Amino acid sequence: MPSTFRVAVLLSGNGSNLQALIHKQKHFNYQIAGVISNCVGAFGLVRAEKAGIDHYTLPHKNYTDRKIFDSELIKIIDNLQVDLVVMAGFMRILTADFTRYYQGKLINIHPSLLPAYRGLNTHRRVLEAGEKQHGASVHFATEELDAGAIIARVSVQISPADNELSLKQKVQQMEHLLYPLIIKWFAENRIQQKNNVVWLDNKPLPSLGYQYTHQQLINQAKG
Ligand code: GRF
């Protein structure tokens with residue numbers, strides 16, 4: 001029997017995505033081998049503890065040098081012997097040394113339809129711009145923030161009644177379905193990255209990745 005696909009999760013805060021990943025790990029045949037936070041007291045660490053998952057805190061505030069922080073982070077991750085490093089609300093810019101070291105094995109989830117709205121406060125900015133659609137994207141992480149090759153996106157419709165909080169909730173519900181599914185694809189060895197192009201089932205994906213609507217993703221999760 002092949003060994004279980006092992007995942008490390010990096011986070012800084014609440015960890016609702018971690019919770020979704022925990023929920024699906026048995027069903028989707030991957031195992032969260034460890035959770036690492038750069039913030040002391042992140043609620044994601046409590047979620048890891050409750051689920052019996054090894055967890056570590058590496059406070060970035062103790063490091064004046066980004067390279068040293070990143071090399072300590074590599075030590076913790078490598079001790080966990082993982083196949084994939086998953087950033088889930090990890091609010092930290094990583095050095096090129098770090099992202100190159102894990103090239104093809106480091107992914108992030110971002111609350112926008114990338115390449116639009118990189119960076120922070122996406123829900124507010126999308127509303128201010130009067131957009132009709134918003135969503136979330138899973139992408140390979142590179143040294144450039146929210147800019148690596150896109151694996152998949154899920155879109156949601158913005159209604160006139162939406163505010164920043166309701167939109168965040170709508171998008172996060174989709175994140176919680178999308179992220180475990182993408183990790184399942186990795187665990188099944190269905191995803192590769194070649195020359196900045198993402199391949200799914202030995203076919204190149206378009207540059208915006210695999211596209212789900214809100215309803216398609218809900219149907220997929222049910223099936
Ligand atoms: C998510 O919205 C994710 O897209 C972004 O950070 C947020 C983390 O939320 N990268 P949580 O900590 O998983 O609840």
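**Group meeting: a predicted model and its ligand**

I begin with Pro160, which counts as exposed at 90% relative accessibility, where buried means under 20% relative accessible area, exposed over 50%, and partly exposed in between, with a 1.4 Å probe and protein chains only. Before going further, please keep in mind that this is a predicted model, in which local features need pLDDT of at least 70 and side-chain atom pairs count only at pLDDT 80 or more, while totals for chains, interfaces and linings use all residues. Residues are numbered from 1 along each chain as its sequence is written, and side-chain values use heavy atoms, with hydrogens and water left out.

Pro160 is found in the loop between strand S7 (150-157) and helix H6 (164-187); helices (H or I, at least four residues) and strands (E, at least two) are DSSP runs, numbered from the N terminus. From Pro160 to Asn121 there are 39 residues in sequence and 19 Å in space, C-alpha to C-alpha.

That brings me to Asn121, which is placed in the loop between strand S5 (106-110) and helix H5 (122-128). Asn121 has a positive phi of about 50° although it is not a glycine, and with a relative accessible area of 41% it is partly exposed. The loop between S5 and H5 also holds Pro115, and the peptide bond leading from Leu114 to Pro115 is cis, with omega near 10°.

Asn196 likewise is not a glycine and has a positive phi, of about 65°. Asn196 sits in the loop between strand S8 (191-194) and strand S9 (197-200), and is exposed, with a relative accessible area of 53%.

Let me now turn to the ligand. Which residues are around the ligand? They are Asn14, Gly15, Ser16, Asn17, Gly89, Ile109, His110, Pro111, Gln172 and Glu175, where a residue is near a molecule or strand if one of its heavy atoms lies within 4 Å of it. By class, this shell has two nonpolar, seven polar and one charged residues; Ala, Val, Leu, Ile, Met, Phe, Trp, Tyr, Cys and Pro count as nonpolar, Asp, Glu, Lys and Arg as charged, and the others, Gly among them, as polar.

An oxygen atom of the ligand is 2.5 Å from an N or O atom in the side chain of Ser16, and an oxygen atom of the ligand is 2.8 Å from a polar backbone atom of Asn17. On the nitrogen side, a nitrogen atom of the ligand has a backbone N or O atom of Ile109 at 2.9 Å. Of the 360 Å² of accessible area that the ligand has on its own, the protein covers 86%, with areas coming from the Shrake-Rupley method with a 1.4 Å probe and, for residues, only the protein chains shown counting as cover. Two or more residues of the shell come from each of helix H1 (16-24), strand S5 and helix H6.

Is Gly15 buried or exposed? At 10% relative accessibility, Gly15 counts as buried. The C-alpha atoms of Gly15 and Ser37 are separated by 10.0 Å, with the two residues 22 apart along the chain.

Tyr30, in strand S2 (residues 30-37), counts as buried at 3% relative accessibility, and its C-alpha atom is separated by 9.3 Å from that of Glu188, 158 residues apart along the chain. Gln211, in strand S11 (residues 210-213), is partly exposed, with a relative accessible area of 38%, and the C-alpha atoms of Gln211 and His110, 101 residues apart along the chain, are separated by 15 Å.

Technical notes: Polar contact = N/O pair within 3.5 Å; in protein donor to acceptor, adjacent residues only side chain to side chain.
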